[in-house]
Amino acid sequence: MFLLTTFQDIIKVPASQLGAPIEEELANIINLRLANKVVHNVGLVICLKDVIDVGESHVHTGDGAIYTKCTFRMVVFRPQVGEVLCGTLRSSSKEGLNISLGFFDSIIVPPQYLNEPSKFDETDQTWTWNYEDEGNTHVLRLEIGETIRFRVHNEEFVDVSPTGPTSVVGNSTALQVAKATDSDRKEIPYTIVGSICESGLGLVKWWS
């Protein structure tokens, strides 16, 4: 679910921040720049793990800031396809379920990946699974706020707003940090598509 990903970037340290040790300032700036942001085709960056290499620093004429090439590792959230996770059922609609992990809410389960047969209740705005067992039908409701177990079916990245010259080590393509703007605020840069259509998945209390 969590990965260590190596990045390279040229970090600008403003002249006003040169009082502290350079390694400390670099770490602070890297965290401010990348933590809690989605990097296109990489995942949701959580925090800095460590700075593994600090290159030479340069000062640009008339600037006063120091520019330093760094190699560093970030903790990234990107579960593998097929991985089973537990979250909280946040909401439901005709389009399916929305699940939250607390720090990440862009998880959906479309109707085709619900338990069969499932039905949407327009009045309560909830889904129910009509589970049959030895000739008896049990109506199991997917209640909002309950803990739900799901399998990662696939993932979707949307290139919202690429910025900066940062690159992932081993990848010549510029690293793209997604930032929502007024024109594309409806776009979600990283979505996990889940599935609960197999035994053991769905609300945890169903199987306890």
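In which loop is Gln-125 found? Gln-125 sits in the loop between β8 and β9, where helices (H or I, at least four residues) and strands (E, at least two) are DSSP runs numbered from the N terminus. The model is a predicted one, in which local features need pLDDT of at least 70 and side-chain atom pairs count only at pLDDT 80 or more, while totals for chains, interfaces and linings use all residues. Residues are numbered from 1 along each chain as its sequence is written, and side-chain values use heavy atoms, with hydrogens and water left out.

The protein contains one helix and 15 strands. Of its 208 residues, 38% count as buried; buried means under 20% relative accessible area, exposed over 50%, and partly exposed in between (1.4 Å probe, protein chains only). The accessible surface is about 11,300 Å², and carbon and sulfur atoms supply 49% of that area. These areas come from the Shrake-Rupley method with a 1.4 Å probe, and for residues only the protein chains shown count as cover. Among contacts (heavy atoms within 4.5 Å) with a separation of 6 or more, 66% join residues 24 or more positions apart.

One part to follow is an open sheet of three strands, ordered β8-β9-β10 with antiparallel pairing. Strands β8 (118–121) and β10 (136–141) are at the edges with a single partner strand each, so one side of each has no neighbour in the sheet. From one strand to the next the twist averages 30°; axes are lines fitted to C-alpha atoms, for helices over the stretch in contact, and angles run from 0 to 180 degrees between N-to-C directions. Four antiparallel bridges pair β8 with β9 (residues 126–133), and two strands pair if DSSP finds at least two bridges between them. Ser-118 has Trp-129 of β9 as its bridge partner.

Backbone geometry comes next. Gln-125 has a positive phi near 55° although it is a residue other than glycine, and its relative accessible area of 36% makes it partly exposed. Asn-41, also not a glycine, has a positive phi of about 65°. Asn-41 is in the loop between β2 (38–39) and β3 (43–59) and is partly exposed at 47% relative accessibility. A cis peptide bond, with omega about -5°, joins Glu-116 to Pro-117, and Pro-117 belongs to the loop between β7 (107–109) and β8.

Charged side chains make further links. A salt bridge is a side-chain nitrogen of Lys or Arg within 4 Å of a carboxyl oxygen of Asp or Glu, and by this rule there are eleven. Lys-205 and Glu-143 form one, at 2.9 Å from N to O. Lys-205 lies in the segment after β15 and Glu-143 in the loop between β10 and β11 (147–157), so this pair ties together parts that are 62 residues apart in sequence. Lys-49, Asp-50 and Arg-73 are linked in a network of salt bridges; within it, the closest N and O atoms of Asp-50 and Lys-49 are 4.0 Å apart.

Glu-198 lies in the loop between β14 (190–195) and β15 (202–203). Not counting residues up to four places away in sequence, Glu-198 touches Asn-115 and Arg-151. The side chains of Arg-151 and Glu-198 meet in a salt bridge of 2.9 Å, N to O. Arg-151 is in strand β11 and Glu-198 in a loop, so the pair ties together parts that are 47 residues apart in sequence. Arg-151 is partly exposed at 27% relative accessibility, and Glu-198 is partly exposed at 33%.
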